[in-house]
Amino acid sequence: MAGFPVCPKLSLEFGDSASSVFRWYKEVKPGAAELGDSGLASSSHSLPSSTWTETGVEERVYTPSNADIGLRLKLHCTPGNGQRFGPSRELESVCPVEAGPGTCTFDHRHLYTKKVTENSFIRTVSYNLLADTYAQTEFSRTVLYPYCAPYALELDYRQNLIQKELTGYNADLICLQEVDRAVFTDSLVPALEAFGLEGVFRIKQHEGLATFYRKSKFSLLSQHDISFQEALQSDPLHKELLEKLALNPLAQEKVLQRSSVLQVK
């Protein structure tokens with residue numbers, strides 16, 4: 001969507017994104033005007049639909065403008081490791097750029113988070129993404145979010161907004177709840193990695209938790225994921241609580257069905 005960053009998923013072997021070369025192109029449709037050698041606009045109706053023109057952006061992330069609406073995008077990547085380059089690869093978007101929703105509520109909050117904090121400060125963001133498995137139920141559409149248009153609950157649409165909002169906070173730590181595994185792998189990791197963050201994921205039942213940290217400030221030394229249900233039944237520390245729950249079988253059943261998880265880094 002116009003105004004929202006495009007962050008392709010990148011997988012490199014023996015290379016790193018900082019040493020790689022990126023070039024973005026946009027489609028030139030038949031009938032578009034093109035400047036010839038004389039500097040005059042000439043009709044390009046004879047150009048094939050697969051003709052591309054450089055956008056001038058040579059970074060991993062590209063944010064389409066309103067001028068790109070209706071056009072497809074292409075990324076040309078030459079992987080490198082600081083010493084040499086590998087074979088180039090290209091990726092073309094399947095669909096053209098669509099119009100964005102205009103000004104979003106988080107745009108005003110981004111005015112206060114334009115830059116990453118200094119090393120002596122930490123900015124933290126916590127966010128419940130609303131897992132797709134919950135957003136697409138009849139209860140969600142008719143009771144929880146009746147004010148939302150159906151398209152606004154679609155995952156593809158929401159992912160664009162989530163990526164832009166989270167990256168715009170320039171946070172050092174991002175704690176996310178109700179994260180779909182596919183969203184973590186295919187959407188959040190590419191988007192936040194491009195802005196200097198690395199993430200870990202813990203699945204619960206239908207969704208999970210994700211924590212991202214800024215690599216320039218933090219290093220992951222260890223990870224301890226604590227399941228409330230497992231800890232309650234196996235940790236001697238909670239023996240007294242478990243015994244009291246046993247006095248009320250109905251309450252015990254409901255508590256042990258909880259899938260709550262704590263991520264400790």
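**View 1. Helices H4 and H5 make a right-handed crossing.** Here the handedness is right-handed if the near helix is turned clockwise from the far one by less than a right angle, and left-handed if anticlockwise. This is a predicted model, in which local features need pLDDT of at least 70 and side-chain atom pairs count only at pLDDT 80 or more, while totals for chains, interfaces and linings use all residues. Residues are numbered from 1 along each chain as its sequence is written, and side-chain values use heavy atoms, leaving out hydrogens and water. The axes of H4 (residues 155-168) and H5 (residues 181-193) come within 10 Å and cross at roughly 30°; axes are lines fitted to C-alpha atoms over the stretch in contact, with angles from 0 to 180 degrees between N-to-C directions. H4 is therefore roughly parallel to H5 (angles under 35 degrees count as roughly parallel, over 145 as roughly antiparallel, 65 to 115 as roughly perpendicular and the rest as oblique).

**View 2. Side by side, H4 meets H5.** Look for Leu-155, Gln-159, Ile-162, Gln-163, Leu-166 and Thr-167 in H4, which meet Val-183, Ser-187, Leu-188, Ala-191 and Leu-192 in H5 (contact means heavy atoms within 4.5 Å). These contact residues comprise seven nonpolar, four polar and no charged.

**View 3. Phe-184 and Phe-201 form a stacked pair.** The whole structure holds five aromatic pairs (ring centres within 6.5 Å; planes under 30 degrees apart are stacked, over 60 edge-to-face and the rest tilted). In this pair the ring centres are 5.0 Å apart and the planes at 25°. Phe-184 sits in H5 and Phe-201 in strand E9 (residues 197-203), so the pair ties together parts 17 residues apart in sequence.

**View 4. Helices H7 and H8 are oblique to each other.** H7 (residues 239-246) packs against H8 (residues 249-256) at about 130°, with axes 7 Å apart. Leu-242, Leu-245 and Ala-246 in H7 meet Pro-249, Ala-251, Gln-252 and Val-255 in H8. This contact has six nonpolar, one polar and no charged residues.

Notes: Helix = DSSP H or I, 4+ residues; strand = E, 2+ residues; numbered from the N terminus. Nonpolar A, V, L, I, M, F, W, Y, C, P; charged D, E, K, R; others polar. Phe/Tyr/Trp six-rings, centres within 6.5 Å; stacked < 30°, edge-to-face > 60°.
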